[in-house]
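Before reading on, take a moment to look over the sequence and the model together. The paragraphs that follow go through one part of the fold step by step, beginning with a question.

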Amino acid sequence: DYVFPLKRRIRSNLFRFVVRRFFLYDIFDSQCGMKAFKSSVAKKLFSVSRSSGFVFDVEILMIARRCGYSIKEIPVRWTHVIKKNRYNLRRYVKMLYGIASELVAIKIRHA
């Protein structure tokens, strides 16, 4: 099994901590790319959501909770495709700023 590099694990755990602390306290992994919805529920959730970036999952799950839908996490097994990425501090800081801004906007919209 592939183990993520330490930098990636730290970033993922930090993001997970922030999301669980301030948004979705009982959801372990809001960023798992695999989500399933009934079509009527998906239409409702995505029609209300305004986020389209990296953190859209957080808003969708917050809206689902507010609407009274049940949310279940089911373990999935997946294979990570390894891509060589160069670490670029400027790009990373810009990404962090974008993520933080979007999380604050979500919090304000759904306060």
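Which residues are buried in α3? In this predicted model, the buried residues of α3 are Asp-57, Val-58, Glu-59, Ile-60, Leu-61, Met-62, Ile-63 and Ala-64. Because eight of the 11 residues of α3 are buried, this helix is largely enclosed by the rest of the structure. The cover over these buried residues includes α1, which spans 6-22, together with α2 and α4, the latter spanning 89-109.

One of these covering helices can be followed in detail. The packing of two helices is described by the distance between their axes and by the angle between those axes. For helix α2 (residues 39-48) and helix α3 (residues 56-66), the axes come within 9 Å and cross at roughly 115 degrees, and the crossing is right-handed. On the α2 side the contact is made by Leu-45, Phe-46 and Val-48, while α3 brings Phe-56, Ile-60, Ile-63 and Ala-64. Sorted by class, this contact of α2 with α3 has seven nonpolar residues, with no polar and no charged ones.

Is Ala-64 buried or exposed? A residue is called buried when its relative accessible area is under 20%, and Ala-64 counts as buried because its relative accessibility is 5%. If neighbours within four places in sequence are left aside, Ala-64 is in contact with Leu-45, Tyr-69 and Ile-71. Ala-64 and Lys-44 are 20 residues apart in sequence, and their C-alpha atoms are 9.1 Å apart in space.

The next step is to see how buried nonpolar residues are grouped. The largest nonpolar core has 12 residues, namely Phe-15, Val-19, Phe-23, Leu-24, Ile-27, Val-55, Val-58, Leu-61, Met-62, Ile-99, Leu-103 and Ile-106, and at least two residues of this core come from each of α1, α3 and α4. Apart from this core lies another, of five residues, including Val-41, Leu-45, Ile-60 and Ala-64.

Val-58, a member of the largest core, shows what such a position looks like from the inside: not counting residues up to four places away in sequence, Val-58 touches Phe-15, Val-19, Phe-23, Leu-24, Ser-30, Gln-31 and Leu-103.

Notes: Residues are numbered from 1 along each chain as its sequence is written. This is a predicted model: local features need pLDDT of at least 70, side-chain atom pairs count only at pLDDT 80 or more; totals for chains, interfaces and linings use all residues. Side-chain values use heavy atoms; hydrogens and water are left out. Axes are lines fitted to C-alpha atoms, for helices over the stretch in contact, and angles run from 0 to 180 degrees between N-to-C directions. Helices (H or I, at least four residues) and strands (E, at least two) are DSSP runs, numbered from the N terminus. A crossing is left-handed if the near helix is turned anticlockwise from the far one by less than a right angle, and right-handed if clockwise. Contact means heavy atoms within 4.5 Å. Ala, Val, Leu, Ile, Met, Phe, Trp, Tyr, Cys and Pro count as nonpolar, Asp, Glu, Lys and Arg as charged, and the others, Gly among them, as polar. Buried means under 20% relative accessible area, exposed over 50%, partly exposed in between (1.4 Å probe, protein chains only). A nonpolar core is a set of buried Ala, Val, Leu, Ile, Met, Phe, Trp, Tyr and Cys residues joined through side-chain atoms within 4.5 Å.
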